[in-house]
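Hi,

Here is the structure I promised to pass on. Have a look at it first, and then read my notes below.

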Amino acid sequence: MNIQAQLIAAIQQAITVQFGELNAPGDSTLQPTKKEFEGIYTFVTFPLTKTLRRPPAEIGKAIGQYLEANCPMVSRTNVVQGFLNISITDEAWLSVLNAMLTDADFGQLPANGQSVMVEFSSPNTNKPLHLGHLRNNFLGDSVSRILAANGYRVIKTCLVNDRGIHICKSMLAYQRFGHAETPESTGLKGDHFAGKYYVLFDRAYKAEIAELVATGMTAEEAEKKAPLMQQAQALLRKWEQGDADTIALWEQMNAWVYAGFAQTYQTIGVSFDKTYYESNTYLLGKDVVDEGLANGVFYRKDDGSVWIDLTAEGLDHKLVLRADGTSVYITQDLGTTDMKFADYHNDRSIWVVGNEQDYHFAVLFAIMRRLGRPYAAGLHHLSYGMVDLPSGKMKSREGTVVDADDLVRETIEAAATAADDAAKGKLEEFSETEKEDLFQILGLGALKYYLLKVDPQKRMLFNPAESVDLHGHTGPYIQYVHARIRSVMRKAADMGLTATGIAQPTELDEVEQQLIFLLSQYPQRLAEAGTDYAPSYVGQYVYELAKTFNQFYDKLSILKETNPAKLTNRLLLSTLLAETISKAMWLLGIDVPEKM
RNA sequence: GGUCUCGUAGUUCAACGGAUAGAAUAGGCGUUUCCUAAACGCUAGAUCCGGGUUCGAUUCCCGGCGAGACCA
């Protein structure tokens, strides 16, 4: 049973009976009661003052009286100014608890028949992943899980940028300085191996520029004329012509990189249903340009270049094809967007991409609308802000980029140290493997939670020390609650107690009501997280759950409770809570331990 | 030059237009013969500035200031 919906209906009826007919009050006027007041739901009466022409408190009183007299689940009400605070009976709370306990699908919303594609990660193959990619990967992975729990069929995709001048730079450096070494021979992970040559290229290239500038050339000219750059561009042309040796080298280097990426993805628990490669898609989009020209959505300038006028949308004129007939970035995206919809017939498509591309996506979506694509309304750019370090921005030129593999490893190591310290002997019975597993769960949990609890839109600060903290508003704090409950359940089982069946009629403590209330909010919170593509909602919610449990645990005893009905109810409530925490954390891609 | 995003305790984050702006952390004070103290409680501390709309503005609108990004 849904208390909230019933309450709104009852309030509507109260208004009709007490004041005559009226429009329904929206959901929005019903909110959780603030801690310092008695009650659990609060109905805000201010918006009704205009139509009812009565003072807010009077309206509240009248509705409250009606509810107390006619709505059995309402136990008490009180009015403070324009706020009607409503308390619910223990009986009603217990039936809410029972409804959740007996709902096998609690936490999974019904299939909605819609499918959504989530594209994320999208790395370049010339260097390893860094901290910014982690925010991207965690966001994309979590949003995919949240949408699946909302009843969507989800297709996780990754578009790999596997071609272009940057790859050719790595390839060229390998030809020149590689001496046929391999990741195996050097002991380097494939992506780091390729990244090493990208750095080598850059170093040699800069030296060449410096030499040319010394001869009196301008810096700008030197950048173009430097032999290494010329050679890299020649390599790109050979690649485009399909030169066998070049392709072979390209495939070899990419294979190394993919092996490295695969390892990283496995460690961080991220996977894809479909991987697209730009080498297969970079020529797409020209037919879309033709189409747009034919139906007048695009126009051609005298120099032959093709444009679209988006000033009506508050954007600019945008180039979609160069005068020499070559593509620009957006040309490709026009083609790949069509291709993705043709491949999967999905209803929506989400791109998890940094906010430096806000304009690009605004343009892409506007063009798709102009072209009359039926799916245009379902396109969404999940934009996220940069991750800053305490020392400032990450800059590859200054070597301040935080490598993803290093960071994950260091986080797990730091979690191990911190956990060993905090455990105070609890881990003595753990085997080495069990310890390693736990530290991995805690380290990754801390990292993921740290990056996901923040609104994606905002730039965020990454403080390495805070990111592995086990205390406070962190992943491990929530994981601890799960382990705590599981520990109580093991003890309960030893005592011959089981947490099965349904709740028994008893009185409830305030904190128990609060827990049931919070749990009952789960489907709604999940739905909101789905609508707004917001893992941070789930993060905030599951923290509230964990925090409230700790208060419950501190205030009331579970196993020492002498009233059998209360004991049963607390076991059931705790079990449901552990399951719900586990489900919500899963939505964030975070595991929860049985013991810690 | 134009467009977009952001600005909240010392710090890192919350707050469908609703009550006395919530947490965490750092600081101060407490809590364990009892289910995991990796916890709990108390205390102190903030909306960049100026207008406007509203019964009510951190939130919406306008103008500044500051940080960042993008487009030529």
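In which sense do strand 2 and strand 4 pair, and over how many bridges? Keep in mind that this is a predicted model. Strand 2 covers residues 41–44 and strand 4 covers residues 83–88, and the two pair in the antiparallel sense over four bridges. If you want a spot to look at there, F43 stands opposite L84 in strand 4.

That pair belongs to an open sheet of four strands, with antiparallel pairing and the order 1-2-4-3. Strand 1 (30–32) and strand 3 (74–80) are at the edges; each has a single partner strand, so one side of each has no neighbour in the sheet. On average, neighbouring strands of this sheet are turned by 30 degrees against each other, direction ignored.

Next, helix 1. This helix takes in residues 3–19 and lies across strand 1, strand 2 and strand 4, running at about 135 degrees to strand 1. Helix 1 has 17 residues and reaches 24 Å from its first C-alpha to its last, close to the 24 Å expected at 1.5 Å a residue.

Which residues of helix 1 are buried? They are I3, I11, A14 and I15. Looking down the helix 1 axis, the buried residues fall within an arc of 110 degrees, so they line one face of the helix. They pack against strand 2 and strand 4 from the sheet, and also against helix 3 (56–70), helix 4 (90–102) and helix 20 (510–520).

Cheers

Terms used. Residues are numbered from 1 along each chain as its sequence is written. Chains are lettered from A and ligands numbered from 1 in the order in which they are written. This is a predicted model: local features need pLDDT of at least 70, side-chain atom pairs count only at pLDDT 80 or more; totals for chains, interfaces and linings use all residues. Two strands pair if DSSP finds at least two bridges between them. Axes are lines fitted to C-alpha atoms, for helices over the stretch in contact, and angles run from 0 to 180 degrees between N-to-C directions. Two residues are in contact if their C-beta atoms, placed from the backbone, lie within 7 Å. The expected span of a helix is 1.5 Å times one less than its number of residues. A residue is buried if 20 or more other C-beta atoms lie within 10 Å of its own, exposed if 12 or fewer, and partly exposed in between; C-beta atoms are placed from the backbone. The arc is that of the directions from the helix axis to the C-beta atoms.
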